[in-house]
Amino acid sequence: MNEEFVSIVKDYLNKEETDYALMINGAWGSGKTFFIKNTLKSEIEKTICPDKNANKKTYKQIYVSLYGISSVEEIKERIFYAINPNYKWIEFISNKLVSATEIVPVAGGTIKNLLSHNKKERDSIRESFTEYDDKVIFFDDLERIDKKEIDIQSVLGYINFLTEHNHYKVIVVANDVVLTDDYKRFKEKTIRFSY
């Protein structure tokens with residue numbers, strides 16, 4: 001199974017414009033996450049991106065757990081921090097500087113205005129320096145989303161947006177036996193192959 005799936009993933013990655021996600025399905029504790037973080041990661045990171053510019057970049061694996069997510073915005077944030085792990089530190093320092101400038105009346109106000117961003121501006125900044133063309137995004141724990149706050153259709157809709165409209169490479173990891181009927185009804189638009 002492992003060699004067969006590695007081959008399927010490589011075929012998927014070698015296609016320039018895909019419009020679907022793959023899924024690794026299995027029972028809890030069967031080793032899905034271990035497999036993707038170890039065996040599959042090393043294979044993915046040896047695969048050259050099909051690039052129109054013949055850039056010869058290799059793919060990078062981005063791991064995002066959906067455990068407890070309650071909104072599409074939270075998924076976007078988790079993707080961003082998985083791709084840019086140092087940005088959290090930069091935001092922390094920026095927030096501390098903004099707090100410190102409040103004690104300096106005139107100069108502090110100017111610095112605060114330069115460092116402060118509303119949510120929309122922060123999201124725009126985040127998107128502006130995040131490249132996805134050389135990334136394979138793994139969404140693990142699909143069955144563990146916060147079902148009180150977000151429905152499976154919204155999560156699959158966002159994954160569909162990434163794959164169908166942006167042609168990003170996405171692999172979903174789940175135990176679909178515990179997923180609801182809504183998942184079974186909406187998955188065919190997003191997830192083409194399950195293994």
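**Exercise 1.** Determine whether the crossing of H1 and H2 is left-handed or right-handed, and describe how the two helices pack.

*Solution.* The crossing of H1 and H2 is right-handed, that is, the near helix is turned clockwise from the far one by less than a right angle. In this predicted model, side-chain atom pairs count only at pLDDT 80 or more and local features need at least 70, while totals for chains, interfaces and linings use all residues. Residues are numbered from 1 along each chain as its sequence is written, and side-chain values use heavy atoms, without hydrogens and water. Next, the axes (lines fitted to C-alpha atoms over the stretch in contact, with angles from 0 to 180 degrees between N-to-C directions) of H1 and H2 (residues 32-44) lie 10 Å apart, at an angle of about 50°. This makes H1 oblique to H2, oblique being what is left once under 35 degrees (roughly parallel), over 145 (roughly antiparallel) and 65 to 115 (roughly perpendicular) are set aside. Finally, Asn2, Phe5, Val6, Val9, Lys10 and Leu13 of H1 meet Phe35, Leu40, Glu43 and Ile44 of H2, with contact meaning heavy atoms within 4.5 Å.

**Exercise 2.** Find how many aromatic pairs the whole structure holds, and classify the one formed by tyrosine 20 and phenylalanine 193.

*Solution.* The search finds seven aromatic pairs, with ring centres within 6.5 Å and planes called stacked under 30 degrees, edge-to-face over 60 and tilted otherwise. For tyrosine 20 and phenylalanine 193, the centres are 5.8 Å apart and the planes stand at 85°, so the pair is edge-to-face. Because tyrosine 20 lies in the loop between H1 (2-14) and strand S1 (21-25), and phenylalanine 193 in strand S5 (residues 191-194), the pair ties together parts that are 173 residues apart in sequence.

**Exercise 3.** Locate where confidence is lowest and highest.

*Solution.* The protein averages a pLDDT (confidence from 0 to 100) of 80, and 75% of the residues score at least 70. Confidence is lowest in helix H5 (residues 105-115), with a mean of 52, and highest in strand S4 (residues 169-174), at 94.

How values were computed:
pLDDT = per-residue confidence, 0-100. Helix = DSSP H or I, 4+ residues; strand = E, 2+ residues; numbered from the N terminus. Phe/Tyr/Trp six-rings, centres within 6.5 Å; stacked < 30°, edge-to-face > 60°.
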